[in-house]
Amino acid sequence: MSNTGGRRRPPTIHDVAREAGVSRGTVSRVLNGGHYVSPAAQEAVNAAIRKTGYVVNRHARSLITGRSDSVGFLLTEPQERFFEDPNFNVLLRGCTQALAAHDVPLLLMLAGTKDERRRITRYITAGHVDGVLLVSSHSGDPVAEELRAAGVPLVACGKPIGLGSKVSYVAADDRDGARDMVRHLLSLGRRRVGVVTGPLDTPGGVERLAGYEEVLDEAGIDVDERLVVPGDYSRASGEVAAERLMAQAPDVDAVFVASDLMAQGVLAALQRAGRRVPEDVAVGGFDDSPAAVAASPELTTIRQPWDRISTEMVRVLLARIGGEDPATVILPTELVKRDSA
């Protein structure tokens with residue numbers, strides 16, 4: 001390889017072909033999926049790529065294939081929620097790692113306002129990414145429907161409300177997880193079990209509340225609306241909800257909280273009120289996020305399989321980009337017992 005001005009030029013597809021002893025066309029076919037290439041030739045090309053240090057020129061390839069060779073991670077929440085809620089970071093890291101195995105970069109997109117969502121939707125539908133991993137889709141949020149209508153491959157984390165089977169999604173079994181937690185609280189002898197819900201315009205908020213109500217019904221306990229208080233998955237909303245719960249139902253002896261971060265706020269409010277956990281009030285969370293073990297006492301919670309959720313989201317999205325039909329994946333949750341209940 002020649003030098004220009006003392007700088008070593010980057011290896012090209014011609015260098016890879018010469019090193020592998022194959023044609024440039026064979027190298028190109030390997031780079032574009034390996035169709036009509038023998039296993040021996042594919043291995044020779046891959047070895048030559050490693051030896052020469054060749055890096056695909058994604059811009060040049062996108063001009064030929066019409067693809068960007070990148071994927072968007074779209075969070076339709078205010079920016080502060082991304083930094084506060086550890087679940088988003090865990091999911092982002094898992095998706096990034098799963099895509100790295102396919103040499104596909106991930107672009108983080110935050111769209112917490114109508115204007116931001118409009119700009120991001122315009123950017124995506126212009127073809128700047130090949131598909132989207134959509135996180136935290138509220139009902140009434142038009143992003144999922146607009147992307148679907150535009151033909152953009154899309155996989156949501158959780159079932160998008162109102163779109164049913166039209167959009168691929170991957171979700172933990174929220175309802176079953178909530179049932180496990182409420183059954184556990186009842187097994188401790190608690191009978192005045194409150195709930196701090198997630199937002200009821202999100203699939204997780206709706207399903208976890210439904211699980212709570214179903215278990216009370218099967219136990220022959222009427223749902224007391226004074227024991228049902230809404231939250232928005234933030235720590236602050238957990239504190240406000242616990243204060244309201246204690247005011248409305250002073251005899252509450254257990255609380256199922258629809259996220260670990262909100263449960264931290266519930267614990268803080270109970271502590272200020274002189275309520276001991278779990279002696280006076282048992283508390284159960286949901287997620288098994290880093291917030292669960294950072295809490296004092298450590299939270300009994302429902303574990304969402306975040307690694308599997310992120311891996312499945314990437315798998316389903318790549319299949320959609322490849323032309324496959326929409327798919328749904330529901331993953332089991334697990335009760336994790338710690339000190340709070």
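1. In strand E10, valine 257 is the bridge partner of valine 196. The two strands involved, E8 (residues 193-197) and E10 (residues 254-257), pair in the parallel sense over four bridges, where two strands are said to pair if DSSP finds at least two bridges between them. Helices (H or I, at least four residues) and strands (E, at least two) are DSSP runs, numbered from the N terminus.

2. A word on the source is needed here. This is a predicted model, in which local features need pLDDT of at least 70 and side-chain atom pairs count only at pLDDT 80 or more, while totals for chains, interfaces and linings use all residues. Residues are numbered from 1 along each chain as its sequence is written, and side-chain values use heavy atoms, with hydrogens and water left out.

3. Strands E8 and E10 belong to an open sheet of four strands, whose order is E9-E8-E10-E11 and whose pairing is parallel. Strand E9 (228-230) and strand E11 (282-284) are the edge strands, each pairing on one side only. On average, and with direction ignored, neighbouring strands of this sheet are turned by 15 degrees against each other.

4. Helix H9 (residues 174-187) packs on the sheet and touches E8, E10 and E11, its direction making about 170 degrees with that of E10. Here contact means heavy atoms within 4.5 Å, and axes are lines fitted to C-alpha atoms, for helices over the stretch in contact, with angles running from 0 to 180 degrees between N-to-C directions. Helix H12 (residues 260-272) lies across E8, E10 and E11 and runs at about 165 degrees to E11.

5. The buried residues of H9 include Met181, Val182, Leu185 and Leu186, and also Asp174 and Arg179; buried means under 20% relative accessible area, exposed over 50%, and partly exposed in between (1.4 Å probe, protein chains only). Just after H9, glycine 189 takes a positive phi of about 90 degrees.

6. Proline 297 is found in the loop between helix H13 (290-294) and strand E12 (301-303), and because its relative accessibility is 23%, proline 297 counts as partly exposed. Not counting residues up to four places away in sequence, proline 297 touches Leu267, Val277, Asp339 and Ser340.

7. Elsewhere, helix H1 (residues 13-20) and helix H2 (residues 24-31) pack at an angle of about 105 degrees, with their axes 8 Å apart. That makes H1 roughly perpendicular to H2, a description that applies from 65 to 115 degrees. In this contact, Ile13, His14, Val16 and Ala17 of H1 meet Arg24, Val27, Ser28 and Leu31 of H2.

Terms used: Angles under 35 degrees count as roughly parallel, over 145 as roughly antiparallel, 65 to 115 as roughly perpendicular and the rest as oblique.
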